[in-house]
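Subject: Handing over a structure

Hello,

I am passing a structure on to you, with some notes on what turned up in it. Please have a look at it first and then read on.

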Amino acid sequence: MTTIRSIQKKMSTLKKELDTLNGELVLRLPTQLFYCEHCHRQTQLKNISLVQEMYYTSATGCTGGDYWSPSQYLVVCPKCTHRTRAYSTKFDAEKQKLFEFVESNRTYFKEFLTWYPQKNYIRGEVFDLEAIRKEYNRKHRR
Ligand SMILES: [Zn+2]
């Protein structure tokens with residue numbers, strides 16, 4: 001067997017092995033555990049709702065229209081309904097780590113919803129996951 005052929009054969013074997021490992025990884029990523037800081041229990045990502053809160057910016061001047069932009073993520077614990085906030089920050093390494101984990105695993109959660117709070121939103125507004133889900137599904141219906 002020529003050297004080139006043996007290299008190609010080994011590459012083919014490695015590619016098959018890589019495909020198998022990728023398949024296993026994709027199956028396991030949704031089973032990663034998320035620790036709830038409130039009830040101190042862990043839940044697999046595939047059982048948790050992830051909500052991205054949108055931030056409203058009012059219109060300015062004559063030409064600047066109002067708009068929404070992505071804000072923090074809310075990881076909703078299905079066991080106690082506590083919402084863990086995940087946002088990008090350079091001031092807190094732990095918070096940044098959580099944000100990066102949530103962002104890179106977004107597709108492995110049970111669902112990923114966007115939430116457009118009232119324009120006069122204040123922190124005390126009632127968070128209603130069912131209403132957010134209904135609104136999201138209404139907007140994204142095909
Ligand atoms: Zn909890």
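How many bridges join β3 to strand β6, and do they run parallel or antiparallel? Five bridges join β3 to β6 (residues 111-115), and the two strands run parallel. Within that pair, Val51 stands opposite Leu113 in β6. Strands here are DSSP runs of E with at least two residues, helices are runs of H or I with at least four, and both are numbered from the N terminus. Two strands count as paired if DSSP finds at least two bridges between them.

Before going further, a word on how to read the model. It is a predicted one, and local features need pLDDT of at least 70, side-chain atom pairs count only at pLDDT 80 or more, while totals for chains, interfaces and linings use all residues. Residues are numbered from 1 along each chain as its sequence is written. The pLDDT is the predictor's confidence in each residue, on a scale from 0 to 100. The chain averages 92, and 94% of the residues score at least 70.

The overall picture

The chain has three helices and six strands, in the order α-β-β-β-β-β-α-β-α along the sequence. Its C-alpha trace spans about 75 × 45 × 40 Å along the principal axes. The radius of gyration is 21 Å, whereas a compact globule of 142 residues would have one near 14 Å. That value is taken over C-alpha atoms, and the globule rule is 2.2 Å times the number of residues to the power 0.38.

The domain assignment gives domain 1 (1-31) and domain 2 (32-139), with bounds that come from an automatic or database assignment. The C-alpha centres of the two domains lie 37 Å apart.

Helix α1 covers residues 3-28. From its first C-alpha to its last, this helix of 26 residues reaches 37 Å, close to the 38 Å expected at 1.5 Å a residue; the expected span is 1.5 Å times one less than the number of residues. The count of buried residues in α1 is zero, so the helix is hardly covered, where buried means 20 or more other C-beta atoms within 10 Å of a residue's own, exposed means 12 or fewer, and partly exposed lies in between, with C-beta atoms placed from the backbone. In the chain as a whole, buried residues make up 13% of the 142 residues.

The strands

β3 (residues 49-57) also pairs with β4 (residues 67-76), in the antiparallel sense and over eight bridges. There, Thr57 stands opposite Tyr67, and Tyr55 is opposite Ser69. β4 in turn runs antiparallel to β5 (residues 83-86), joined by four bridges, with Val76 opposite Arg83.

Ser49 lies in β3 and counts as partly exposed because it has 19 C-beta neighbours inside 10 Å. Leaving out residues up to four places away in sequence, Ser49 touches Val76, Phe109, Lys110, Glu111, Leu113 and Leu129; a contact means that the C-beta atoms, placed from the backbone, lie within 7 Å. Ser49 and Leu129 are 80 residues apart in sequence, yet their C-alpha atoms are 8.7 Å apart. Among contacts in the chain between residues at least 6 apart in sequence, 49% join residues at least 24 apart.

Some loop residues

Most residues other than glycine have a negative phi. Thr81 sits in the loop between β4 and β5, a hairpin with six residues between the strands, and has a positive phi of about 65° although it is not a glycine. Thr81 is partly exposed because 13 other C-beta atoms lie within 10 Å.

His40 is in the loop between β1 (33-35) and β2. Its phi is also positive, about 60°, and it is not a glycine either. His40 counts as exposed because it has 9 C-beta neighbours inside 10 Å.

Cys39 belongs to the loop between β1 and β2 and is partly exposed, with 13 C-beta neighbours inside 10 Å. Apart from neighbours within four places in sequence, Cys39 is in contact with Cys77, Lys79, Cys80 and His82.

Conventions. Contact = placed C-beta atoms within 7 Å.
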